[in-house]
Amino acid sequence: MTAIYERELDSQMNGLTGYVYGALVLLFGGIYVMAYHLEGATDFTYVLYSLTFIFLIAIPLLTMRSIAEERHQKTDQLLYSLPLSMTKIVLGKFLALVTVMVLPLLVLALYPLLVNALATSGAIPLKSAYGALVGFAFLGMALTAIGLFISSLMENVGLAAGACFMVMLILYFLTPLTGYISDSPGASLAAFAVAILLFGAILWRLTRNGGFALVFTAVLEAALGVCFALWRTRFGGLFADVVGNLAVFDRFDSFSYDIFDLRAIVYYIAVAAVFLFFTVQSMERRRWAA
Amino acid sequence: MIQVSHLTKRYGERTAVEDLTFTVESGLVYGFLGPNGAGKSTTMNILTGCLSATEGQVTIDGFDIFDQPARAKARVGYLPEQPPLYTGMTAREYLSFVARAKGVKLAALDGELERAMAVTGVTDVADRLIRNLSKGYRQRVGIAQALLADPSVIILDEPTVGLDPLQIVEIRELIRSLGRERTVILSTHILSEVQAVCDRVLLIHRGRLVASGTPAELESRFSSGVTYRLMVKAGAEEARAALEPVAGVADVLASPDEAGRCALEVSVAGAEEDMDERLSFALSDRHIPVLRLEREQASLEDVFLALTKDAGEQPQPKKRRRKGDRAS
């Protein structure tokens with residue numbers, strides 16, 4: 001696993017993307033720190049809250065190559081033939097990406113100290129600042145796992161980046177987007193039905209088994225219909241609630257209110273674990289139908 | 001030793017490999033021969049654990065590739081059709097990565113790298129970026145990668161494709177030298193390659209094993225008979241009268257020329273060992289001078305063409321399979 005980790009880290013360090021991401025974090029971090037401080041706000045958590053948009057660009061940049069490139073260059077053959085479990089390979093890659101993601105944050109951690117040392121007024125409360133930075137890193141980790149999974153589905157690096165960006169964008173605006181769906185039970189039903197169709201399409205794309213995907217989707221839609229018939233009133237606003245749980249970015253909000261939200265940390269770890277599991281499955285699937 | 005039994009791989013409707021059974025003995029070079037699309041790469045991918053099988057079993061030194069993948073894979077070095085090289089690394093960096101991923105301890109790493117690089121002759125280019133290496137050297141780096149961590153079996157998928165003639169000769173020599181110490185399986189659709197480097201041939205067509213044995217065995221097994229070409233100083237009738245009584249001679253075709261010589265084509269039914277001697281004695285008994293005598297046999301190429309021609313089910317190959325290496 002260390003060999004995989006080191007090679008992935010090495011390829012990130014030899015490429016530009018890691019540095020572009022680092023530069024973005026430090027540049028925008030600096031701009032926000034200065035701007036907020038000029039306005040008299042002394043809370044570093046605002047800086048981080050504003051900085052989350054960086055992940056929209058950073059995660060596609062960092063993760064696009066990780067598996068799609070291997071597949072494109074056919075080096076994934078080597079990974080498959082190594083006497084290592086796919087879990088270890090995926091974990092090695094993931095940890096390398098997380099390392100690259102966290103390194104600039106360590107530099108960013110100096111900003112509050114710098115401000116406190118140089119500023120004549122309004123010291124930044126360090127405890128909440130570092131608590132939020134930890135939350136920020138965990139948010140990045142969860143998103144990295146999602147990016148890694150998307151890369152594992154693609155053979156084209158550009159496509160992986162594009163798809164990843166789209167997903168990040170949707171996740172970023174998920175809550176405002178669900179606001180457009182009315183709270184009526186009917187609207188929830190329609191939204192669920194569309195979501196199941198989308199899921200069916202993804203299933204079809206992944207398994208390349210049209211019949212299976214069709215049956216599975218039909219069963220889910222039927223189950224949805226039955227549930228709706230039985231508990232019609234509960235459907236009101238249900239879709240927004242469910243989707244709200246998927247809003248990875250929104251979990252960071254509590255950190256910006258000076259709360260070290262342990263539940264959010266656990267949530268991020270769970271998201272990362274689920275997507276790493278998906279990544280391993282997606283890699284293993286190639287063994288079954290190359 | 002590799003044992004493959006009843007291996008089948010289907011991609012949806014299409015069957016790439018069907019009911020493949022064979023045994024690979026230690027210390028020999030095996031040639032996996034077959035036309036493009038015969039299922040060679042699919043089989044090799046399954047043997048190395050890169051691909052799952054629909055049915056069947058593969059064991060390497062007793063370890064099942066599907067049930068104990070880590071232990072089975074540790075015994076195999078694999079060079080896929082397209083060498084899996086990270087072109088942004090130097091050869092040394094790349095090999096060091098592969099060695100560590102295969103579990104070579106840090107203390108043994110340098111020695112292991114030097115050994116693999118020395119055997120494959122890439123020591124000179126060790127510190128150059130792989131992307132700047134010629135195709136021949138890339139192939140060598142690929143083979144060096146397969147050799148790391150001392151596997152007992154090396155599997156090479158079309159190792160000489162795309163190389164120039166000199167490189168081909170070099171790589172073949174390398175493969176032969178590897179075959180002295182360990183088992184090598186290589187796939188190819190080039191017949192001369194099999195004749196040049198392989199001790200055993202596994203001929204597959206449309207995902208089925210149609211023949212196996214040594215190159216010489218295949219040649220003699222599949223020749224419907226042997227033809228002797230002679231040039232004698234005699235008339236057509238005289239020569240025919242001398243040869244036709246010889247046991248085993250099926251047919252004599254004589255074509256005399258103006259100079260009093262006669263070209264003969266003698267078809268022999270069975271592949272009898274001392275036929276050439278008996279033919280020459282029969283002629284000399286009658287004081288017929290033999291000017292030339294040569295034995296002509298079906299080449300591996302004929303075998304290959306005969307077996308892979310679009311002949312659907314062939315009765316002969318089935319018999320061969322029973323006689324093949326399965327018994328051990």
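Across residues 311–328 of chain B, pLDDT remains under 50, and the model has 18 contacts beyond four places in sequence for this stretch. Where pLDDT is low, the coordinates of a prediction should not be read in detail. For chain B as a whole, the average pLDDT is 84, and 91% of the residues score at least 70. At the level of the complex, the predictor gives an ipTM of 0.84 and a pTM of 0.82.

Turning to the fold of chain B, four strands form an open sheet with the order 12-13-11-14 and antiparallel pairing. Strand 12 (249–256) and strand 14 (290–296) of chain B are the edge strands, each pairing on one side only. From one strand to the next, the twist averages 15°. In general, the strands of a sheet pair through backbone hydrogen bonds, in either a parallel or an antiparallel manner. Within this sheet, strand 11 (residues 226–232) of chain B runs antiparallel to strand 14 of chain B, and six bridges join the two. One handy landmark is B:Met231, whose bridge partner in strand 14 of chain B is B:Arg292.

Two helices of chain B pack on this sheet. Helix 9 (residues 236–243) of chain B touches strand 11, strand 12 and strand 13 (262–268) of chain B. The direction of helix 9 makes about 165° with that of strand 12 of chain B. Helix 10 (residues 275–285) of chain B, in turn, touches strand 11, strand 13 and strand 14 of chain B. In this case the helix direction makes about 155° with that of strand 14 of chain B.

The contact between the chains comes next. Here, 22 residues of chain B are in contact with 19 residues of chain A. On the chain B side, the elements that give two or more residues are helix 2 (69–73) and helix 3 (91–101) of chain B. Helix 3 of chain B provides the largest share of that side, with four residues. Sorted by class, the side of chain B that touches chain A has 13 nonpolar, six polar and three charged residues.

As for chain A, the chain is divided into domain 1 (2–174 + 245–288) and domain 2 (182–236). The C-alpha centres of domain 1 of chain A and domain 2 of chain A lie 31 Å apart.

Conventions. Residues numbered from 1 in each chain as written. Chains lettered and ligands numbered in written order. Predicted model: local features only at pLDDT ≥ 70, side-chain atom pairs only at ≥ 80, totals over all residues. Contact = placed C-beta atoms within 7 Å. Nonpolar A, V, L, I, M, F, W, Y, C, P; charged D, E, K, R; others polar. pLDDT = per-residue confidence, 0-100. Pairing = 2+ DSSP bridges. Axes fitted to C-alpha atoms, helices over the stretch in contact; angles between N-to-C directions. Domains from an automatic or database assignment.
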